[in-house]
Amino acid sequence: MPSNGTSEKGVEALRQEIEGAIGETVDRLRKIEATAQQRLRQARTEQQHLHSFIEELHYRLETIASSPEPPVMITGPLTANQLNAMQEQEQTLQNHRTSLEWVTSGLEQVSSRLSWLIHQIEGACEWVLSPVDSGDGDTEGDAARTAQSTPNEQVMWAQIIMGQEAERARLAREIHDGPAQVLANTVMRLQFVEQLYTRQPGEVEGEFARLRAALQASLNDVRRFMFNLRPQSLADAGLLPTLKQYAADYQEQFDVPVELNLPENLLLSANQELVVFRIVQEALQNIHKHAEATRIEINLQRRPNGPLVVTIADDGRGFNPRSVRQSRPMSSGLVSMRERAATVGATLKIDSKIGTGTTITLTMPMPKDEI
C-alpha cells in the first residue's frame, strides 16, 4: 500500500497538471480575445469615418436637391451623370455601413462572451483546485469552503456582469449614432450657414428652414431613443398602451403596417411586462434590419387557466433558423430574446422559412387562479 506521503505528492502533481493545462487554455483564449478586441477597434474606427463621410455626402446631395440653380463645381456645372454617380456612391456606402454594423455587432458579442468564458474557466479552476474535505474533522475549514462561491454561482454573477457591460456598450453606440451625431450634423450645418451668409445671403433663410426641420426630426429621434431605453408609459399606463404607442411609432417611422391584437386587460408583474415589451421591441427591430417585410402582426392572447401567448409574425423574406444558429449563433438578437424569456420562466419559439416570413412565439406561464 502506498504511503500517505506518496499519495499527497500524487495529488499535488495532478493539481499542477490540471492548473497548467487550464492556464494554457486561458492564455490561448486571451490571445484570441486580444485579436477580437483589436479587430473591434478597427471596425469601430472605420465605422465612425464611414458614418461621417456618408453624412457629409448626404448633406451635399440634399443641398443640391434644394438649390434652385445647378451647382457649380471646380470643373464646371454638375452634370446629371455626376449627380447620379454621387447618389449611387451614397447608396453603396450605406450598404457597406449596414454590413459593417453587422460585423461590429458580431465582434462585440464574441469579445464579450470570450471574456465571460475566461472568467468562468478561471472560477471553475479555483474550485477544482481548492482543498477537499480530508475527513480530519476540520469543521471550521469545511464551513469556510462551503461559504465559497460554487461554479454555478460564479457563472451566474459573470453573466450578470457581462450583461451589464454589453448593455453599456449598446447604450454607448446608441448615443454615438443618435444624439451625438445629431449635434455633429448641427455644427456642420451651422458652419455651412456662416459661409452662405457671406457669399449668398439670400439662401440663408431657406437653409435655416431646412436646419429647423432637420433639428425637429432629430429631436423626434432623441425622444424615440429615450422611449426605447425605458418607456415611462410602461410604469405609468402599463403594457398594452405602451405596445400601442410603440407599434404606432414603428409604423410611422418605417412605413410598415403593424396590426396589433390585444386583450381588453392583462394583469402581469412589472418584470413580465418588461420582458414582453423588450421581446416585441427586439423582434420588430430585427424585422426592420433583416426581413424586408411589408406587414407585421402582433397578437397577445391569454388562454383560460393557461399561459400568455405572444406572437410576432411578418411576411418578410424569412431565414433558416438552423443555419443561423450554426453560422451566426449570436446574431439577430435571438439569444438575448431567449435569455429574457427565461428570466420569467417563459419559452421562445421561432418558426421561419426562406421566402415565407417569420413567426416568433413567446409562451409565458401564468397562475391558474389569475383572471
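This is a predicted model: local features need pLDDT of at least 70, side-chain atom pairs count only at pLDDT 80 or more; totals for chains, interfaces and linings use all residues.
Is Glu-292 buried or exposed? Glu-292 is exposed, with a relative accessible area of 63%, where buried means under 20% relative accessible area, exposed over 50% and partly exposed in between (1.4 Å probe, protein chains only).

Residues are numbered from 1 along each chain as its sequence is written, and side-chain values use heavy atoms, with hydrogens and water left out.

The chain holds ten helices and seven strands; helices (H or I, at least four residues) and strands (E, at least two) are DSSP runs, numbered from the N terminus. Of its 371 residues, 30% count as buried. Among the contacts in the chain with a separation of 6 or more, 69% come from residues 24 or more positions apart, a contact being heavy atoms within 4.5 Å.

Now to the sheet. Five strands form an open sheet with mixed pairing, in the order S3-S4-S5-S7-S6; two strands pair if DSSP finds at least two bridges between them. Strand S3 (258-261) and strand S6 (347-353) stand at the edges with a single partner strand each, so one side of each is left without a neighbour in the sheet. From one strand to the next, the twist averages 10°. For angles such as these, axes are lines fitted to C-alpha atoms (for helices, over the stretch in contact), and the angles run from 0 to 180 degrees between N-to-C directions.

S6 and strand S7 (residues 357-364) pair in the antiparallel sense over seven bridges, and Ser-352 stands opposite Thr-358 in S7. Helix H8 (residues 270-291) packs on the sheet, touching strand S4 (296-302), strand S5 (308-314), S6 and S7, and its direction makes about 10° with that of S5. Helix H10 (residues 334-342) also packs on the sheet, where it touches S6 and S7 and makes about 150° with the direction of S6.

H8 deserves a longer look. Its 22 residues reach 30 Å from the first C-alpha to the last, close to the 32 Å expected at 1.5 Å a residue; the expected span is 1.5 Å times one less than the number of residues. Just after H8 comes Glu-292, with a positive phi of about 55° although it is not a glycine. Glu-292 lies in the loop between H8 and S4.

What angle do H8 and H10 make where they pack? The angle is about 170°, with the axes 10 Å apart. That makes H8 roughly antiparallel to H10; angles under 35 degrees count as roughly parallel, over 145 as roughly antiparallel, 65 to 115 as roughly perpendicular and the rest as oblique. On the H8 side, the residues that meet H10 include Val-275, Ile-279 and Ala-283, and those in H10 include Met-337 and Ala-341.

Helix H7 (residues 239-254) packs against H8 at about 10°, with the axes 11 Å apart, and the two are therefore roughly parallel to each other. Among the residues making this contact are Leu-243, Tyr-246 and Tyr-250 of H7, and Phe-277, Val-280 and Leu-284 of H8.

The loop between H7 and S3 contains Asp-255, whose phi is near 55°, a positive value in a residue other than glycine. Asp-255 is exposed, with a relative accessible area of 68%.
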